[in-house]
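Visitor: Could you walk me through this one? I'd like to start with the helices and then move on to charged pairs.

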Amino acid sequence: MKISWISSSSLICFSVLALISICVAFASTEEQIGDFFQSGHTNNWAVLVCTSRFWFNYRHVANVLSIYRSVKRLGIPDSHIILMLADDMACNHRNPKAATVFNNAHHHINVYGDDVEVDYRGYDVTVENFIRLLTGRLAPSTPRSKRLLSDEHSNILMYMTGHGGEGFLKFQDSEEITNVELADAFEQMWQKRRYRNIFFMIDTCQAESMFLRFYSPNILAVASSKIGEDSLSHHGDPTIGVYVIDRYTYYALDFLEKISKGSTKTMGQFLQVCPKRVCISTVTSRKDLFPAKPEQVLLTDFFGSVRNVELTQSIVDLPPIKKENNTVMTDVSAEPKWTYVDQFSFP
């Protein structure tokens with residue numbers, strides 16, 4: 001009897017421990033599922049803007065095309081990329097290699113490629129068109145390829161490059177957008193539920209000044225230089241006689257080229273890609289408007305477009321379909337109101 005009582009006690013203890021293990025496993029599974037969908041966004045967009053004209057600004061076109069190539073490689077399709085190029089360096093008569101743009105003097109990669117889709121080019125790249133694009137105030141005849149069709153679940157990467165100063169960025173060397181105008185455009189986007197999160201990235205002189213006036217929520221921003229500093233180019237190409245890429249964008253691309261679609265690199269790591277010893281200018285960021293810590297946000301939440309999928313073997317019961325008058329449709333498979341006619345019916 002004593003041995004039997006001990007065996008029964010052991011069995012009970014084992015059952016209790018097993019039940020506790022199952023509960024812990026279930027709780028950890030729920031926690032993993034919660035983390036699995038923690039980003040909260042359902043789609044990604046990229047707005048990539050080069051505001052400079054003329055051959056000596058070749059590097060600005062190479063900057064934006066390099067970012068364009070990276071986000072396409074990481075999964076954002078052309079249908080969700082708005083590319084604005086103020087000048088067409090690939091077809092410039094000074095270009096010794098027509099239909100090409102290189103971001104390296106060794107000509108490793110043609111960032112223009114054979115599948116680039118430019119949505120706004122030449123004199124279409126204006127401050128007015130840029131503001132209208134962001135706020136959605138476009139003419140009804142505007143094609144879909146020139147529209148930012150984002151919503152309240154969209155993460156938007158916004159990259160801008162060109163010549164700037166304290167509080168402004170030049171467009172076409174003929175007009176400029178101020179930091180106040182840009183901040184107000186973002187506020188309109190927020191009020192109209194056109195984004196969930198924005199990552200604003202700018203490579204220009206005194207770039208920090210462009211995000212100081214931001215006041216809308218859910219914006220993370222990084223700039224290539226502080227107020228009072230120039231943003232410098234990296235190296236030139238003697239075969240074309242101009243600089244081919246800026247320093248900050250060069251080191252940002254060096255980081256992105258090592259990233260794959262399933263990478264676990266974070267935005268916090270990306271914000272540290274160009275220390276002053278290599279950039280010469282001081283890279284600055286603004287995090288107070290962003291709801292999460294950059295160290296907890298995946299880089300691909302902005303630079304990629306990979307959707308997480310949960311597989312389940314359990315059957316999901318869907319509610320019955322209701323009509324507009326809230327009556328339940330019980331007979332979904334009703335008799336069709338059409339019939340086939342014989343193709344070769346002879347009398």
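Visitor: How many of the residues of α2 are buried?

Guide: In this predicted model, α2 is mostly covered, with 13 of its 16 residues buried, where buried means under 20% relative accessible area, exposed means over 50% and partly exposed lies in between, using a 1.4 Å probe and protein chains only. Helices (H or I, at least four residues) and strands (E, at least two) are DSSP runs, numbered from the N terminus. Residues are numbered from 1 along each chain as its sequence is written, and side-chain values use heavy atoms, with hydrogens and water left out. Because this is a predicted model, local features need pLDDT of at least 70 and side-chain atom pairs count only at pLDDT 80 or more, while totals for chains, interfaces and linings use all residues.

Visitor: What should the 16 residues of α2 span?

Guide: At 1.5 Å a residue they should span 22 Å, and the end C-alpha atoms of α2 are 23 Å apart, which agrees; the expected span is 1.5 Å times one less than the number of residues. The helix is followed by Gly75, which has a positive phi near 120 degrees.

Visitor: And which residues touch the most other members of the largest nonpolar core?

Guide: In that core of 54 residues, they are Leu48, Tyr58, Leu65, Phe199, Met201, Phe270 and Phe303. Helix α2 gives the most to this core, with eight residues. A nonpolar core here is a set of buried Ala, Val, Leu, Ile, Met, Phe, Trp, Tyr and Cys residues joined through side-chain atoms within 4.5 Å. Setting aside neighbours within four places in sequence, Met201 is in contact (heavy atoms within 4.5 Å) with residues including Ile67, Met158, Val222, Phe270 and Phe303.

Visitor: Which residues does the second core include?

Guide: The second core is separate and has 37 residues, among them Tyr120, Leu148, Met189 and Ala207.

Visitor: Which residues in α4 are buried?

Guide: In α4 the buried residues are Asn179, Leu182, Ala183, Ala185, Phe186, Glu187 and Met189, and what covers them includes α3 (127–135), β4, β7 (175–178), β8 (197–203) and β9 (219–223). Helix α4 itself covers residues 179–191 and reaches 18 Å from its first C-alpha to its last, close to the 18 Å expected for 13 residues. Just after α4, Arg193 takes a positive phi of about 55 degrees.

Visitor: Switching to charges, how many salt bridges does the structure hold?

Guide: The structure holds eleven salt bridges, each counted when a side-chain nitrogen of Lys or Arg lies within 4 Å of a carboxyl oxygen of Asp or Glu. One of them joins Asp246 and Arg59, whose closest N and O atoms are 3.1 Å apart. That pair links distant parts of the chain, with Asp246 in strand β11 (residues 242–246) and Arg59 in helix α2 (residues 58–73), 187 residues apart. Both Asp246 and Arg59 are buried.

Visitor: What about Lys72 and Asp115, where do they sit?

Guide: Lys72 and Asp115 meet through their side chains in a salt bridge at 3.2 Å, N to O. This pair too links distant parts of the chain, Lys72 being in helix α2 and Asp115 in the loop between β2 (81–85) and β3 (120–121), 43 residues apart. Lys72 counts as partly exposed because its relative accessibility is 23%, and Asp115 counts as partly exposed because its value is 44%. Salt bridges that share partners join Lys72, Asp78 and Asp115 into one network.

Visitor: One more spot: is Thr161 buried or exposed?

Guide: Thr161, which is found in strand β4 (residues 154–161), is buried, because its relative accessible area is 0%. The side chain of Thr161 makes a polar contact with the side chain of Asn63 at 3.2 Å; a polar contact is a pair of N or O atoms within 3.5 Å, where within protein one must be able to donate a hydrogen and the other to accept it, and residues adjacent in sequence count only if both atoms are side-chain atoms. Leaving aside neighbours within four places in sequence, Thr161 is in contact with residues including Val49, His60, Asn63, Asp203 and Asp246.

Visitor: And Phe255, which residues does Phe255 touch?

Guide: Not counting residues up to four places away in sequence, Phe255 touches Lys265, Gln269, Phe270, Val273 and Leu299. Phe255 is found in helix α5 (residues 247–256) and counts as buried because its relative accessible area is 18%.
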